[in-house]
Amino acid sequence: MRKKRAFIIVLSACLFCACTKTSVISGSHQSVHHEFGESVHEKEYEDTYVMNLIYPKTNIKDVDEKIKQTLESYKRDFTSQQFNSETNRAELNVDYQSYIKDDRYISIKLDIFINNRKQSEMIETMIYDLKKERFLAYEDLFDQAATEKLSEIIQTKLKAQYPKECSTKSFMIHTAASAHNFDRFILRKKEMVFYFDAHTVLDQSAYVEVSYEEMKDYISMEQEEESVVVPYQDVLNEPVKQIDKDKPMVALTFDDGPTLKYTSAILDCLKEHQASATFFVLGSRADDFPQLLQRMILEGNEIGNHTFSHKQLTTLSKANIEEEISATQESIYSVTNRYPKIIRPPYGSKNETVLQCAQDKKIVTWTIDSEDWRSRNAETIVNKVVKEIKDGDIILMHDLYASTAEAAIILIPKLQEMGYQLVTISELYEYGKNDAGKIM
Ligand SMILES: [Zn+2]
């Protein structure tokens, strides 16, 4: 068995080991980093395939769970493949690197190598914030301006290293200023490392190191402020609001959040102008941001159910739709002490079964689509909303983007100047301002 393993290492070295063939952009040598976690070796030898997995056990529940889930999914995919028993046995090989940035952030990179007829290598990364006890997402660190700067730095570094190979269309697409191009990265002591698959930026896989110093005007690792979670029973006193039923009113709505940076900025602005909005949150994110959800309620906003995992409900079974809705109801209740009364199905997709599963909760869509996800431009969003707005409108936005937060900060006082009261969906409904048919 040892011999077989050695053979496999030789075979895969050129694809697998970052220190040999892949691009070392900064010139520093990437050796094995196991800065934390205890290495676990898992082997499975069958007639047609072998699995050899090395991964860390961290004793951090969320991290160990995520590693387990990731590996399970690769194992499932791999063992469901067709194997050809007459040639070499197929192989699934996993190895890892783990890094400590400081006493707050730790990162893990999993290297997955599959050899079955053809060879493929994949990289998975995760960063865990020990202080907040949750995973760090790309969006937590990089807004649009930071993404643009990052794109510029990465393009420059790759071009310096590979002057001949960086003029392809694929290179431009995969280094463009878009979050999903750079969302596989880890945090080391002085720099971040971004990973790229083979046949994306270059023919071979690549990584680029970017120091915190290079990005210092765009990201701040310490900027997230501490906020205190309000005790459960204190989340009871919503502000008393004065709404004039004879004056025009509209409802701003924000889907898919919350996100730390953008939802907070929108909440700050709503509070400053004594305005309210409705946040259709994902159940999967509610647990990550209890203080934001509590703030929403305490400051007179409404929370709606946007399902747990943002699946298109019309494609799911009745049981799964019920599960998506009820899991979200429970996760929101657990931090705010109240159940949402409204549901916005992802993509606005609904049918008879969705309506049945909603039970006594109202299904809410929208009357104005700001198309913020498309334009990602504050001015375009503001202009579209201001042009279309009329009494009783429900405006669809997403608290996922810097441009949306920027647009909301302009829109909130602007709509008030135009004479609109900014109310929640339930308030709009209560005062009979909604278009019939939009809310059922
Ligand atoms: Zn959505």
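Asn-116 stands opposite Lys-118 in β6, and this pair belongs to a stretch where 12 bridges join strand β5 (residues 105-116) to strand β6 (residues 118-129), the two running antiparallel. The model is a predicted one, in which local features need pLDDT of at least 70 and side-chain atom pairs count only at pLDDT 80 or more, while totals for chains, interfaces and linings use all residues. Residues are numbered from 1 along each chain as its sequence is written. Strands (E, at least two residues) and helices (H or I, at least four) are DSSP runs numbered from the N terminus, and two strands pair if DSSP finds at least two bridges between them.

Both β5 and β6 lie in an open sheet of six strands, whose order is β2-β3-β4-β5-β6-β7 and whose pairing is mixed. At its edges stand β2 (38-45) and β7 (134-135), each with a single partner strand, so one side of each is left without a neighbour in the sheet. In the protein chain there are 14 helices and 18 strands.

Of the 440 residues of the chain, 35% count as buried, a residue being buried if 20 or more other C-beta atoms, placed from the backbone, lie within 10 Å of its own, exposed if 12 or fewer do, and partly exposed in between.

Helix α4 (residues 144-161) has 18 residues and reaches 26 Å from its first C-alpha to its last, close to the 26 Å expected at 1.5 Å a residue, where the expected span is 1.5 Å times one less than the number of residues. Its buried residues are Ala-146, Thr-147, Leu-150, Ile-154, Lys-157 and Leu-158. Seen down the axis of α4, these fall within an arc of 95 degrees, so they line one face of the helix; the arc is that of the directions from the helix axis to the C-beta atoms. The face turned away from this buried side carries the exposed residues Glu-152 and Ala-160.

What covers the buried residues of α4 includes α5, β9 (191-196) and β10 (206-211). Ser-170 has its place in helix α5 (residues 169-175), and Ser-170 is exposed, with 12 other C-beta atoms within 10 Å.

The largest nonpolar core has 56 residues, such a core being a set of buried Ala, Val, Leu, Ile, Met, Phe, Trp, Tyr and Cys residues joined through C-beta atoms within 7 Å. Its largest share, seven residues, comes from helix α13 (residues 402-417). Apart from this core lies another, of 36 residues, among them Tyr-96, Ile-106, Ile-127 and Tyr-207.

Methods:
Two residues are in contact if their C-beta atoms, placed from the backbone, lie within 7 Å.
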